[in-house]
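Here are my notes on the model. Please read them with the structure open.

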Amino acid sequence: MRVLLLAGFGAMTMLVGCATSPYAEVWHKKPRLTGPSGPEPLATAEQSLTRAIHDERTKPLIAMGECLDGLQSASDELKRNPRDATANRDYNFGVSRIFQIIHDTNLDPWTQPPIVPTTNGEFVLTFKPDPRPEWNPALYDFTPADEFDVGGKYVTERITRDGIGAPIVAVEREESKNARGKAAPSRIYRTVSAIAQFQGRRCMLEFYDPLDSETARFYGRTVPLAADFTVPLAVMLQETDPRKHELSRVLNPEKYAHTARIERLQPFSPNKTVVLVIHGLKDSQATWTPMINKLQGDPEIRKHYQFWFYSYPSGYPFPYSAAILREELDEVERQFPHLKPMVVIGHSMGGCISRVLLTDSGNQLWMKIFGRPPQEVQLSPKTRDYFREELFFRHRPEIGRAIFIASPLRGSNMASGWIGRLATLIIREPTLSSQASQEMLRVTNTREEELKPKRRANSVDSLSPKSRFLNALNTIPMTPGVPYHTIIGDRGRGDSPNSSDGVVPYWSSHMDGAKTQDIVPSDHGAAHQNPQAIGHVLRILKKYAN
């Protein structure tokens with residue numbers, strides 16, 4: 001049995017790919033001013049900022065005073081000439097150091113504005129309050145983005161925007177107990193840009209969402225807002241480490257049932273279209289990092305779109321994962337009743353889940369599987385409810401467009417044969433579906449060309465070209481009026497329509513009714529991370545932004 005299990009693990013690796021390097025790596029570094037010193041009074045301001053860094057641990061209030069002295073000088077120069085690059089550099093560095101001192105010394109300006117002594121008199125450090133509960137700064141730990149270097153398998157490009165302000169990583173201090181009902185992550189990781197403005201000896205901090213604002217108001221002028229879009233993604237990826245449960249969610253999906261959920265990556269905006277991304281087999285939301293990082297770097301995408309993901313235990317058969325997603329979408333509709341039509345992007349098995357969202361099943365799936373109307377099939381009440389949820393559904397009206405990437409819409413031969421049999425050995429079946437399986441097999445017959453599972457199908461079985469559900473689904477046309485696009489990998493061989501991405505053949509991913517079809521030189525596992533594929537998604541989103 002041990003040999004079989006090891007072989008099964010190898011089979012799963014072949015089917016979905018295996019990553020060895022960390023998805024994200026984050027290194028803390030000591031920030032420093034780069035480039036030549038500025039003329040007076042900037043040179044003196046830079047010396048004050050340097051002393052502040054040196055004194056912050058031992059004399060935090062004195063360090064804050066030195067920081068505010070230097071920042072005020074840089075701010076005055078920037079007011080006189082907003083195009084002064086050196087003043088801009090010194091100003092952004094000074095604002096960042098305010099947050100460094102707050103973070104490193106546990107100062108709390110959010111509940112009681114501190115009085116900060118300096119040789120030139122006292123400063124009061126305060127902030128501009130925001131009426132939105134999620135923007136209460138007391139809920140977060142703030143770290144300047146210039147204290148991080150980032151890298152890793154999924155973090156290969158740092159996307160930033162020049163301007164005025166300090167890019168900040170905001171991490172929620174405590175996990176939220178009611179996050180799930182709001183499609184929010186259990187702990188928020190957010191990109192924030194902060195500016196500081198002086199009113200005499202009063203320093204007012206103000207927070208901006210750089211995904212929502214391209215500019216800021218700076219002493220009565222509208223100026224470009226600085227931002228770092230990558231570091232918060234990298235910090236979230238390293239600290240949450242979704243990779244650690246990817247294989248476990250395949251092998252024992254019932255244990256990780258609580259991880260099936262929709263989460264948004266940014267504060268909700270009713271004026272932006274949701275892009276809902278859905279990962280595939282033995283994967284997690286982390287797999288979308290390269291695409292989301294690149295897309296968020298485009299100002300038109302930031303203006304029109306917000307990114308959410310659906311993550312789920314990928315050992316479940318995809319029809320069951322689709323049923324869970326429908327329940328999640330019901331809750332989203334209750335929380336956000338006036339959503340613009342969503343764009344759904346599915347990779348691999350995530351594309352199969354997306355396909356279900358665009359379909360009206362009627363009783364066709366039930367009849368093709370059971371051969372008789374529900375009232376004529378002898379099933380226990382629990383099993384009947386189970387199959388009703390999985391086999392009876394209507395298309396989701398909140399979906400306005402779909403993009404399928406390397407999706408085995410007609411199955412993959414790799415899911416059949418010995419790989420499928422080994423998957424049956426190593427994937428632990430949920431209790432309810434096991435009971436439903438036994439009843440289903442008792443009251444149905446399988447045809448010669450169909451898959452004959454010894455028990456209820458797992459995720460690998462559900463992707464087989466012999467899957468009864470998959471074949472039945474493909475006899476039902478998708479809902480008219482919802483446009484869709486396909487992106488297909490050919491491993492760079494240029495041999496379509498006889499191509500394959502190594503797992504899914506062209507004939508399985510191709511759809512005659514697609515608005516566009518793009519072939520990219522990619523294998524299966526990284527098709528949605530391929531630069532050309534990301535470029536195609538970017539063009540689709542921009543073309544249909546309005």
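**Notes on salt bridges, pockets and a helix**

1. R173 is partly exposed, at 40% relative accessibility. Buried means under 20% relative accessible area, exposed over 50%, and partly exposed in between (1.4 Å probe, protein chains only). The model is predicted: local features need pLDDT of at least 70, side-chain atom pairs count only at pLDDT 80 or more, and totals for chains, interfaces and linings use all residues. Residues are numbered from 1 along each chain as its sequence is written, and side-chain values use heavy atoms, with hydrogens and water left out.

2. R173 forms a salt bridge with D141, with the closest N and O atoms 3.0 Å apart. A salt bridge here is a side-chain nitrogen of Lys or Arg within 4 Å of a carboxyl oxygen of Asp or Glu. R173 lies in the loop between β7 and β8 and D141 in strand β4, so the pair ties together parts 32 residues apart in sequence. Helices (H or I, at least four residues) and strands (E, at least two) are DSSP runs, numbered from the N terminus. D141 is partly exposed, at 34%.

3. E206 pairs with K128 in another salt bridge, at 3.4 Å between the closest N and O atoms. E206 sits in strand β9, K128 in the loop between β3 and β4, and 78 residues separate them. E206 is buried at 15%; K128 is partly exposed at 45%.

4. D130 and R132 also meet in a salt bridge, at 2.8 Å, N to O. E46, R89 and D90 are linked in a network of salt bridges. The count comes to 24 salt bridges.

5. The largest pocket holds about 940 Å³ of space. A pocket is an open set of points on a 1 Å grid over the protein atoms alone, where a 1.4 Å probe fits, with protein on both sides within 12 Å along at least five of seven lines; lining residues have an atom within 4 Å of a point. Its lining has 41 residues, and S186, T240, E263, Q285 and F309 are the closest to its centre. Helix α5 gives the most to this lining, with 6 residues.

6. The second largest pocket has a volume of about 610 Å³. Of its 25 lining residues, R89, N92, F93, D146 and P167 are the closest to the centre. Helix α4 supplies the largest share of this lining, 6 residues. A volume is the space filled by probe spheres set on the points, with grid points joined across faces, edges and corners.

7. Which residues of α9 are buried? They include F318, I324, L325, R326 and E328.
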